[in-house]
Amino acid sequence: MKTSNRLAPIIIVALLLVSFTGQAANCKETLNYRLKWLFNTSVVGDLYALDHGFFQRAGLTVNVKAGGPERDAIRELELGHATFGVASADQVIRARAKGAPVVVIAQLFQVNPLQWIYRGVKPAINTPSDLKGRILGVTFGGNDETIMRTLMARAGLTEKDVTLFSVRYDYTPFYQDRVDVWPCYKNAQGIMLADKLGRAGEAVQFFNPADHGITFVANSVVTSQKTLERNPQLVRAFAKALVSGWEASLMPENRNKALAVLQKYNRDTPGDLRQKQLDATRTLVLPGDGARVGTIDVKGWKQTEAIMLEQGLIPKPVHVEKALFPEGNPL
Amino acid sequence: MLGRRILQFFLIFALGLLMLMGVKYGLGLSDYVIPGPGEIITTSQAVAQDYFFDTLNTLMVAVIGQCISIFMAFFVGITARKSTWAGTLIKAAAYNIQAYPIVAVAPIIFILLGDGFISRLLIAAMICYFPLLLSVIGIMAEPITDMEHFYIATGRMRWQLEVKIRAFENMAKLTTVIAGSSTLAMAGTIVAEFIAANQGIGHSIRIALYQSDLSRILTALFLIGLFLSIYQEILEGVGKRLTSGWILPKGVENEDL
C-alpha cells in the first residue's frame, strides 16, 4: 500500500509525459490546425481551404479546430497538440519574449479588424485627442487595451482624461449608451452591432487606430521552429494550400460558395449579416494595395513590438523579425 | 503554529508546482507554456500586494455569499423536509434552479443587476447553496426515532423541536458540510468575477489569462488556496467549539472521549 502511494506521483507524471509525446507523434498523420477564435467569417479562408479540398490536393490531412478564449495555439504547438495555429501578434511577441520557439508563416489580416465602434450622433473621433472626456471600452489585459493606451499616450492623454470601461462579451453597456466607444472586430461583431443599432435608427462610425499611425498586427498563422526546420516542405505545402484557400474564398465569383461554407459552420449568424461580414473581411485581408493574401508586414510587426515594449508588456526587445518566415512570404 | 489545513495546502501546492516543473523540464518547454521558478518568484513578488487585496475582496464576498446560502439551504431544507405537497414543490423548484449552468444564468444576472457586488454575491450563493441544501434535506428528512418517539408519544412534538433534535444529532456532519461549502462559495465568486466583475481575484486571473501569464495565475491560485485554508480552519474550529459546547459537559474535551 505504502509503495503504491509513493509510486502514484511518478505514475501521474509518466502518464502526462506519455500523453504529450503521444499527441506529438499523431501529428505526423493528421495535422491539427488550431484557430484563434470560434468558426465565424474571420476564418472563412481556413474553412474554405478545408471544405474545397485545398489541403487534400496538397497531400495533407488537416483537422481545423475552433479556437476560443481559453485556447492558445502557441502553447498547443509546443506541447505537440497542434502543428499549425493562428495567433495574434501580441501573443507571438509575448511567447518569443519567454523563449517559445514559434515562427510566423503567413499574416492573414493586412488591416487589423480590431477597431472601435461608436454612435454616429456622437461627436466624430477624427484624432486620438478627440477621445478626451469619453467613456472608452477596453478589454483589460487584451490587445485592444494596449492599442488604446498607445493612442492615449500619443495624444498626451492620461487615465484622468478618459473613463476606461471593462468590456466583456455582453454588448448591453454599448446598446444602453453607457459606453461611448466599444472595441470590436469590424468585419464580425462590428457588422452585427451596426445592424442592430441601424434597425433602431442609429448610424455608427468606426475609429481605426491604423488611421492614426498605430499599426498593430492581428491574426497570423504560426508553427514551431522545430516543424519548420525538420519539415520545411510540409510548412510550405500547408501555407500554400491555406493561402490559396483564402484567396479563393475572397474571389467575388466564389462568393456563394464561401457563404455556403460559412452557413455550414456558423449557422447562428443570419444570412444577410454573413454576406456583409464576408465583404468586410475581403477589405481587411485583401486591402487592394497589391499585397497578396498572407503577406507578412515586417514593418507592422516591428511597430507592434515597439508598442508592446513601450507599454511594458515585454521586458526587452525580442527582434520579432527573426520569428517571421525567412522569405517574408511562404509563397 | 500552522493549522492542519494550511499545512496540507502548502504540501499539495508544492507537489503541484513540482509536477509542473517536472513536465516543463522533462519536455523542455519554454517559459511561455510553463514559467520557470525564477519567473514565478519575480512575478509573485511584483503582484503579491495587489493580488492579496484582490483575494481578500473575493473572500469577503464568498463569506457573505456562503452565509446567505446557509440561510437559504436551511430555510428550504426545513420547509421541504416533510413529504407534503408544498415540501415537494419547494424541493423540485430548488433542484430545477440548480439544473441551469451558472455560466448561462450569469449574463442575465449581470444585465439585471450590473457587474458589481450584488451580482458576485448572488452567483456565489447560487453555486454554494445546492450541496448545502442536499445535506440539510438529508439530515432534516431523517427522523431520530429514539428521541422523537418520546415527544410524539407525549404530544409535545413541535416542528422547532424536531429541527433542533435532528440538527443536534447531526452537528458534526453539518459543520463539515458548511466548512466544505466555503470552497464552493469561493469558486462561485471567482466564476462571477471571471465572467463579468471588475474586481476580485477572478478578474485578475482573467487579465492574466489574456496575457498568457501563467506565473500570475499560479500566484493567484496560491493566494486563493491559502485564504481558503485559513477560512476553513476557522470554520472547523468554530464547528468544534459549537459541538463541544452543545454535546460535552463543561471541562470535558473532545479528545477525552
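Author: I begin with pLDDT, which is the predictor's confidence in each residue, from 0 to 100. Chain A averages a pLDDT of 89, and 90% of the residues score at least 70. This is a predicted model, in which local features need pLDDT of at least 70, side-chain atom pairs count only at pLDDT 80 or more, and totals for chains, interfaces and linings use all residues. Residues are numbered from 1 along each chain as its sequence is written, while chains are lettered from A and ligands numbered from 1 in the order in which they are written.

Reader: Where in chain A is confidence lowest, and where is it highest?

Author: Helices (H or I, at least four residues) and strands (E, at least two) are DSSP runs, numbered from the N terminus. By helix, the lowest mean in chain A is 52, in α1(A), and the highest is 97, in helix α2 (residues 44–51) of chain A. Over residues 21–27 of chain A, pLDDT stays under 50. Where pLDDT is low, the predicted coordinates should not be read in detail.

Reader: What are the corresponding values for chain B?

Author: Chain B has a mean pLDDT of 85, and 93% of its residues reach 70 or more. Its confidence is lowest in helix α3 (residues 85–99) of chain B, at a mean of 73, and highest in helix α1 (residues 4–27) of chain B, at 94. The model scores ipTM 0.81 and pTM 0.81.

Reader: Why is strand β4 of chain A called largely enclosed?

Author: A residue is buried if 20 or more other C-beta atoms lie within 10 Å of its own, exposed if 12 or fewer, and partly exposed in between, with C-beta atoms placed from the backbone. Six of the six residues of β4 (residues 102–107) of chain A are buried, so the strand is largely enclosed by the rest of the structure. Of the 331 residues of chain A, 45% count as buried.

Reader: What makes β4(A) and strand β10 of chain A a pair?

Author: Two strands pair if DSSP finds at least two bridges between them. Five bridges join β4(A) to β10 (residues 219–224) of chain A, and the two run antiparallel. A:Val103 stands opposite A:Thr223 in β10(A).

Reader: How many residues of each chain take part in the contact between chains A and B?

Author: Two residues are in contact if their C-beta atoms, placed from the backbone, lie within 7 Å. The contact takes 26 residues from chain A and 21 residues from chain B. On the side of chain A that touches chain B, α1(A) gives the most, with six residues.
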